[in-house]
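Dear colleague,

Please find below the structure that I am handing over to you. My findings follow directly after it.

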Amino acid sequence: QLQLVESGGGSVQPGGSLRLSCAASGFTLDYYTIGWFRQAPGKEREGVSCISTSGEFTYYADSVKGRFTISRDNAKNTVYLQMDSLNAEDTAVYSCAVDPQSCSSWFKNSRRYKDLEVWGRGTLVTVSS
């Protein structure tokens with residue numbers, strides 16, 4: 001069974017940091033691009049970041065550029081999202097998803113999100129004072 005499990009969410013004060021993990025089981029991440037997404041209450045799902053199969057190329061939404069860093073450890077079959085300088089607008093459920101296609105083919109096209117091959121169930125991040 002192909003599965004992605006996110007962890008690392010929680011509550012943090014504005015200006016704080018969290019590191020999310022997305023662990024794969026039942027398949028290897030080596031041949032997949034991996035994206036992080038978030039959805040706040042009442043809002044559309046937003047693509048946050050994407051990383052290429054090699055890890056050489058990364059993509060970020062403008063809203064998180066310079067604050068979030070995506071990375072992958074294929075040996076651990078895990079992808080990470082380091083989130084720094086968090087603010088209230090970052091509050092959302094964060095999910096990861098994988099696809100064999102390149103980030104450039106889907107990350108900026110939200111209509112493609114529903115077609116991504118495997119999705120995790122998400123982890124809640126709350127930024128509040």
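Tyr113 is buried, as its relative accessible area is 5%. Please note that the model is a predicted one.

Trp106, which is buried as well, forms an edge-to-face aromatic pair with Tyr113, with 6.4 Å from centre to centre and 85° between the planes. In total, the structure holds seven aromatic pairs. In another of them, the ring centres of Phe37 and Tyr113 lie 4.7 Å apart; their planes stand at 75°, an angle over 60 degrees, so this pair is edge-to-face. The two residues come from distant parts of the chain: Phe37 belongs to strand S4 (residues 33–39), while Tyr113 is in the loop between helix H1 (103–106) and strand S10 (118–119), 76 residues apart. Phe37 has a relative accessible area of 1% and is therefore buried. Ring pairs join Phe37, Tyr59, Trp106, Phe107, Tyr113 and Trp119 into a cluster.

Two arginines lie over ring faces. Arg45 is placed over the face of Trp119, 4.1 Å from the ring centre, and Arg19 over the face of Tyr80, at 4.2 Å from the ring centre.

Finally, which backbone angle deserves attention at Asn77? Asn77 has a positive phi of about 55°, although it is not a glycine. This residue sits in the loop between strand S7 (68–73) and strand S8 (78–83), and its relative accessibility is 15%, so Asn77 counts as buried. Ser85, also not a glycine, has a positive phi of about 50°. Ser85 is found in the loop between S8 and strand S9 (92–99) and, at 43% relative accessibility, counts as partly exposed.

With kind regards

Technical notes. Residues are numbered from 1 along each chain as its sequence is written. This is a predicted model: local features need pLDDT of at least 70, side-chain atom pairs count only at pLDDT 80 or more; totals for chains, interfaces and linings use all residues. Side-chain values use heavy atoms; hydrogens and water are left out. Helices (H or I, at least four residues) and strands (E, at least two) are DSSP runs, numbered from the N terminus. Buried means under 20% relative accessible area, exposed over 50%, partly exposed in between (1.4 Å probe, protein chains only). Rings of Phe, Tyr and Trp (its six-membered ring) pair if their centres lie within 6.5 Å; planes under 30 degrees apart count as stacked, over 60 as edge-to-face and the rest as tilted. A charge sits over a ring if NZ of Lys or CZ of Arg is within 6 Å of the ring centre and within 35 degrees of the ring normal.
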